[in-house]
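Subject: The structure to look at

Hi,

Here is the structure I promised to pass on. Have a look around first, then read my notes below with the viewer open.

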Amino acid sequence: MTVAAPGPVAATHPEPAGADNRVVVGGVALTWRELPTPALPDPAAVLAHSAAHALAAARQHAVHGTELLLTTTSRVDAEMRADLSEAGFTVTVLDHDGTHPSAPARPRAADPGRLWLLTSGSTGRPKRVGHTLDTLTTVRADQPERTWLCPYAPGTYAWWQVVTLSLTQPGQHLVVVEPDELDDWPAVAAAHGVDAASGTPTFWRRTLYRDPVALARVPLRQITLGGEPVDQAILDQLRAVFPTARISWIYASSEVGASIVVHDGRAGFPVDWLDRQAPGRPTLSVRDDELVVTSPYHGAGLAGPVRTGDRVQVVDGRVLITGRLDSDEINVGGSKVSAGVVRGVLTGHPSVAWARITGRRAPVLGRMVVAEVVLTPADPASADGGVDEAALVRWCADRLPEHAVPRRIRVLTEIPVKETLKSDV
C-alpha cells in the first residue's frame, strides 16, 4: 500500500560544519547546503535511485535527525523489503519523481538520530547495524583541504565514512561517481581536481589493470584502501605510480567502526599494537586466529569485545588480515592453507593483476588449492612467451609449502567486482 509523502519538516539540527563544501554528483557541482532535503517518513528505509538521491537523504538526516536506513534499490530484494516493513520502516523509493513510500506492516515510533547500515552480507543475508552520525564520524582532527573521490555504493559503511568526513569537516570536498562512471573515474577525478581517493583493493587493482596511464594523471596526495585484505603487492603498485602520496589502509566494519589505520606503506599492522589500551581508541586482540576489536565506534548493542570473523596471521612482526574465517582456511590432507597467503604470493608476481583462491574437492586429499587470476595487459597468457599456468605454479612452488601450491590456475579476462567494489575473495 502506498501512502502520501509527509509535508516539509522544520530543521531540528544546525547545518553541519561542512555545509559549504563542494559536492559534485552526476556532473553537477553544488554544495551540501544547496542539495535538496526530501521530506522523508520517520523511520524510513530509503532505497536511493542514484548517488544524488542518496546524498540528499544523508543531508536530510543531518539536518532533521530522522531515523534512517539508506541503501540502493539493487541491494534490497522482496524478502528484505518485507523484513524492513515488519521492523517498522516505511520503505521509500527516492528517485527523480520524488518519494514513493509504502506503509510499514508494523508501525512504530522513530528512534531520533538513529542511522542503520546493512552489512555486506559476506556471511549470509545482510543484517542491520545501528549507528549515529557521531559514531560514523571517526575523522575528527583538522584535516588539510582535500577533494575526495567517493566510488562506494550508497549507504555502505565505507560510503558513510567519506560522506561524514565531507559533512563534518570544512574543506573536505566530494566528487561522487555513479556505477556507470567507474570505468572512467580517473577522467572524472582529474576534471574536478580530486586529490584524495578511497577504494577497496579491488577498486585500485581494477583501475591499474584497465588504465594506469589515466590513473597517473590524477594528482592524488592521499590514497586510502579498505574493505578487503590489503596485501603488499597493491601497496607497492600504488607507491610506484604515486611516489609522493600518503598511502593508508583502514580496517573498518559496520559492527566495530574504523578500528585500524596504517600509513607506513606496509601490509598488516605492528604486532605491538595488540592488546594496547588507550582512551578513545579501539583495542585489538587475537583469539584463535580471529581478530577481536573493542571499539568506541561500535554499532548499537555491540559494546565490549567483538569477534570480527576475520582471520589473522603474525608474520615478521606484522599482524596480517588474510580473509574471512569461514572462507580463508582450506584443509588439504589435514594441512591448513590460508587462501589469503596464497593470494598474496600470486599477486606478488609482476604479471598478475588479481587473484582469487579457493578449495576444490579432490580424491585422497579431500580438498586442493585452485586459483583464478587476471594477468596484467603487458603479459597476457599466450603461446608467444607470455606467462602461463606452469610459470605461475613454479612461482608459487618457490614460495609456498607443497600442499599450498595451486593445482589449477584459470586465467580470467576481467577483474570481477561487486556493487560493494569487492571481489568475492
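Let's begin with R246, which is partly exposed, with a relative accessible area of 42%. You'll find R246 in strand β13, residues 246–253. Before going further, keep in mind that this is a predicted model. Now try jumping from R246 to Q222: the two are 24 residues apart in sequence, yet their C-alpha atoms sit 4.9 Å apart in space. If you ignore the neighbours within four places in sequence, R246 is in contact with R221, Q222, I223 and H263.

**Two helix pairs**

Next, the helices. Take α1 (residues 51–64) and α4 (residues 157–168): they pack at an angle of about 55°, and their axes are 12 Å apart. That angle makes α1 oblique to α4. The crossing of α1 past α4 is right-handed. Which residues of α1 and α4 meet? On the α1 side they are A54, L55, A58 and A62, and on the α4 side W159, W160, V163 and L167. Sorted by class, this contact of α1 with α4 has 8 nonpolar residues, with no polar and no charged ones.

Look at the spacing of those numbers along each helix, too. An α-helix has 3.6 residues a turn, so residues three or four places apart point the same way.

The other pair is α6 with α8 (residues 232–241), which pack at an angle of about 50° with their axes 11 Å apart. That makes α6 oblique to α8. Is the crossing of α6 and α8 left-handed or right-handed? It is left-handed. From α6, the contact uses P201, W204, R205 and L208, and from α8 it uses I234, Q237, L238 and V241. By class, the contact of α6 with α8 has 6 nonpolar, 1 polar and 1 charged residues.

**Inside the fold**

Now for the cores. The largest nonpolar core has 76 residues, and the members that touch the most others are L55, W159, L174, W204, L225 and W249. Helix α4 gives the most to this core, with 7 residues. A second, separate core has 23 residues, among them A339, V345, A355 and V387.

W159 deserves a click of its own. Not counting residues up to four places away in sequence, W159 touches A54, L55, A58, L70, C150, Y152, A153 and P154.

In α10 the buried ones are A339, G340, V342, R343, V345, L346 and T347.

R59 belongs to helix α1, and is buried, with a relative accessible area of 8%. Leaving out residues up to four places away in sequence, R59 touches E15, W32, R33, L35, P36 and T37.

P43 lies in the loop between β2 (28–31) and β3 (44–48).

Then there are two residues with a positive phi. D288 is not a glycine, but has a positive phi of about 50°. D288 sits in the loop between β16 (283–287) and β17 (290–294). L421, also not a glycine, has a positive phi near 70°, and is found in the segment after β24 (408–412).

Are D288 and L421 buried or exposed? D288 is exposed, with a relative accessible area of 68%, whereas L421 is buried, with a relative accessible area of 2%.

Technical notes:
Residues are numbered from 1 along each chain as its sequence is written. This is a predicted model: local features need pLDDT of at least 70, side-chain atom pairs count only at pLDDT 80 or more; totals for chains, interfaces and linings use all residues. Side-chain values use heavy atoms; hydrogens and water are left out. Axes are lines fitted to C-alpha atoms, for helices over the stretch in contact, and angles run from 0 to 180 degrees between N-to-C directions. Helices (H or I, at least four residues) and strands (E, at least two) are DSSP runs, numbered from the N terminus. Angles under 35 degrees count as roughly parallel, over 145 as roughly antiparallel, 65 to 115 as roughly perpendicular and the rest as oblique. A crossing is left-handed if the near helix is turned anticlockwise from the far one by less than a right angle, and right-handed if clockwise. Contact means heavy atoms within 4.5 Å. Ala, Val, Leu, Ile, Met, Phe, Trp, Tyr, Cys and Pro count as nonpolar, Asp, Glu, Lys and Arg as charged, and the others, Gly among them, as polar. A nonpolar core is a set of buried Ala, Val, Leu, Ile, Met, Phe, Trp, Tyr and Cys residues joined through side-chain atoms within 4.5 Å. Buried means under 20% relative accessible area, exposed over 50%, partly exposed in between (1.4 Å probe, protein chains only).
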